[in-house]
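Dear colleague,

Please find below the structure that I am handing over to you. My findings follow directly after it.

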Amino acid sequence: MSSGAHRRSTVAVKDALRELRNQLALLNHQVSAQLALKDVDLECLELIARHGPLSPSAVARRAGLHPATMTGILDRLQKGGWIVRERDPEAADRRSVAVRAVRGRNGELFRLYAGMNTAMDELCAGYSEDELALIAGFLRRATSAGQDATGALAGD
């Protein structure tokens, strides 16, 4: 492939990723609205559900938010019954708290994302295992590049 064609293909991939990011943000906004959550609350709930239990400071770090902002988010999530705060038995400081998602609430999230999950299953059915491995690898590397760029902007 010529360098001009490669450059055009690279631009097309970056444009497609931006469009995907925008569409996923719109989907998440609709899910947040259905659950009466703020978009940032849903993002933090996803982090906690996926990586938790986590300390509030670890959630703030992963979300790129100030710890004081995180307190308000966690308060809203706890009030809504989405998370619980528990003493962290692993921590040296006996006052340390870990935050975990309430498992019983997962069904609500799964129901709201069911349309997208079904669409993704149908989309993936049209690709071979090797193609899916290539796509998954690309997306992991793109995520890592995004984390690096975010860290550089944040001064990490």
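I begin with a single residue of this predicted model. S32 counts as buried because its relative accessibility is 1%, and the cut-off for that class is under 20%. The residue belongs to helix 1, which covers residues 3-34. Its side chain forms a polar contact of 3.4 Å with the side chain of D39. Leaving aside residues up to four places away in sequence, S32 touches L37, K38, D39 and L42. D39 is therefore both a contact of S32 and its partner in the polar contact, which is a pair of N or O atoms within 3.5 Å.

A second residue of helix 1 is A5. With a relative accessible area of 22%, A5 is partly exposed; the class lies between the limits of 20% and 50%.

Helix 3 comprises residues 56-63, and its buried residues are A58, V59 and A60. These buried residues pack against two other elements, namely helix 2 (39-51) and helix 4 (67-79). Just after helix 3 comes G64, which takes a positive phi of about 70 degrees.

Turning to the chain as a whole, six helices and two strands are present. Read from the N terminus, the order of the elements is α-α-α-α-β-β-α-α. The radius of gyration is 19 Å, whereas a compact globule of 156 residues would have one near 15 Å. The C-alpha trace spans about 60 × 40 × 25 Å along its principal axes.

Of the 156 residues, 19% count as buried. The accessible surface of the chain amounts to about 11300 Å², and carbon and sulfur atoms account for 55% of that area. Where contacts join residues at least 6 apart in sequence, 48% of them link residues at least 24 apart. As to charge, the chain carries 21 positive and 19 negative side chains, and the centres of these two sets lie 6 Å apart.

With kind regards

Technical notes: Residues numbered from 1 in each chain as written. Predicted model: local features only at pLDDT ≥ 70, side-chain atom pairs only at ≥ 80, totals over all residues. Heavy atoms only, no water. Helix = DSSP H or I, 4+ residues; strand = E, 2+ residues; numbered from the N terminus. Rg over C-alpha atoms; globule rule 2.2 N^0.38 Å. Buried < 20%, exposed > 50% of the residue type's maximum accessible area, 1.4 Å probe, protein only. Contact = heavy atoms within 4.5 Å. Areas by Shrake-Rupley, 256 points an atom, 1.4 Å probe, with all protein chains shown as cover. Lys, Arg positive; Asp, Glu negative; His and termini not counted. Charge placed at Lys NZ, Arg CZ, Asp CG, Glu CD. Polar contact = N/O pair within 3.5 Å; in protein donor to acceptor, adjacent residues only side chain to side chain.
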